[in-house]
Amino acid sequence: MTFGEKLQSLRQRAGMSQDVLAERLQVSRQAVSRWERDETMPETDKVVALADIFGVTTDYLLRPQPKQTETAAEEPPRQQKDWVERFLDFAKRKWYLLGWVLIAWGVLDLVQLAIFYLAYRGLLGGFTGLLGW
């Protein structure tokens with residue numbers, strides 16, 4: 001893959017338009033378009049900024065690579081990221097549900113305590129027969 005193909009792929013994967021990327025780099029949209037078409041190359045400081053924005057190395061951006069090698073190299077981190085995101089979503093749901101179960105348990109304990117207290121004080125009258133007292 002050429003520099004322009006990599007740049008376009010990374011930008012699209014990040015859900016970024018050429019305008020947004022150009023604004024972040026403080027260049028024109030046309031400059032980004034020329035980079036993606038491999039008509040020109042960005043200055044060194046822009047390459048470093050691109051690497052920081054997309055979380056890749058400058059070596060990855062600048063060295064030409066065959067398309068097969070790049071897709072094979074990029075796939076495992078994406079799968080790992082998906083697995084990590086799925087695990088975190090599951091953990092959030094699990095703890096969220098556990099919190100509601102604990103709240104419900106606490107409310108039931110409070111209701112039971114209130115009933116026993118009122119029954120002990122004799123304020124429930126006929127309800128004490130239901131409890132077996």
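Modeller: Gly15 follows α1 and has a positive phi, near 70 degrees. This is a predicted model, and the angles here are read from it.

Start with α1 itself, residues 3–13. Its buried residues are Phe3, Gly4, Lys6, Leu7, Ser9, Leu10 and Arg11. Take Phe3 as a close-up. Leaving out residues up to four places away in sequence, Phe3 touches Trp35, Asp38, Met41, Pro42, Leu50, Leu61 and Leu62.

Phe3 also belongs to the largest nonpolar core, which has 16 residues. Those with the most contacts inside this core are Phe3, Leu7, Leu21, Trp35, Leu50, Phe54 and Leu61. The elements that give it two or more residues are α1, α2, α3, α4 and α5. The top contributor is α4, with four residues.

Next comes α2. Its buried residues are Gln18, Leu21, Ala22 and Leu25. Seen down the helix axis, the buried residues of α2 fall within an arc of 100 degrees, so they line one face. Glu23 and Arg24 are exposed on the other side of α2. The buried residues of α2 pack against α1, α3 and α4.

Just after α2 there is another positive phi, at Gln26, of about 60 degrees. Gln26 is not a glycine. It is found in the loop between α2 (18–25) and α3 (29–36). Is Gln26 buried or exposed? Gln26 has a relative accessible area of 72%. It counts as exposed because that value is over the 50% cut-off.

Asp38 also has a positive phi, near 60 degrees, and is a residue other than glycine. Asp38 lies in the loop between α3 and α4 (44–54). Its relative accessible area is 35%, so Asp38 is partly exposed. Asp38 is also among the residues that Phe3 touches.

Now the charged pairs. How many salt bridges does a search of the whole structure find? The search finds four. One of them joins Asp19 and Arg29, with the closest N and O atoms 3.9 Å apart. This pair links distant parts of the chain: Asp19 sits in helix α2 and Arg29 in helix α3, 10 residues apart. Both partners are partly exposed: Asp19 has a relative accessible area of 47%, and Arg29 has 33%.

Arg37 forms a salt bridge with Glu39. Their closest N and O atoms are 3.0 Å apart. Glu39 is partly exposed at 48% relative accessibility.

Asp59 forms a salt bridge with Arg63, the closest N and O atoms being 2.4 Å apart. Asp59 is partly exposed, at 42% relative accessible area. Arg63 is exposed, at 53%.

One last item concerns α6, residues 67–121. Val107 lies in this helix. Val107 is partly exposed, with a relative accessible area of 46%. Together with Tyr96, Leu97, Trp100, Ile103 and Val111, Val107 forms a nonpolar patch on the surface. The accessible area of the patch is about 640 Å².

Notes:
Residues are numbered from 1 along each chain as its sequence is written. This is a predicted model: local features need pLDDT of at least 70, side-chain atom pairs count only at pLDDT 80 or more; totals for chains, interfaces and linings use all residues. Side-chain values use heavy atoms; hydrogens and water are left out. Buried means under 20% relative accessible area, exposed over 50%, partly exposed in between (1.4 Å probe, protein chains only). Patches are made of residues with over 30% relative accessible area and no salt bridge: like charges are joined within 9 Å, nonpolar side chains (Val, Leu, Ile, Met, Phe, Trp, Tyr) within 5 Å. Accessible areas come from the Shrake-Rupley method with a 1.4 Å probe; for residues, only the protein chains shown count as cover. A salt bridge is a side-chain nitrogen of Lys or Arg within 4 Å of a carboxyl oxygen of Asp or Glu. A nonpolar core is a set of buried Ala, Val, Leu, Ile, Met, Phe, Trp, Tyr and Cys residues joined through side-chain atoms within 4.5 Å. Contact means heavy atoms within 4.5 Å. The arc is that of the directions from the helix axis to the C-beta atoms.
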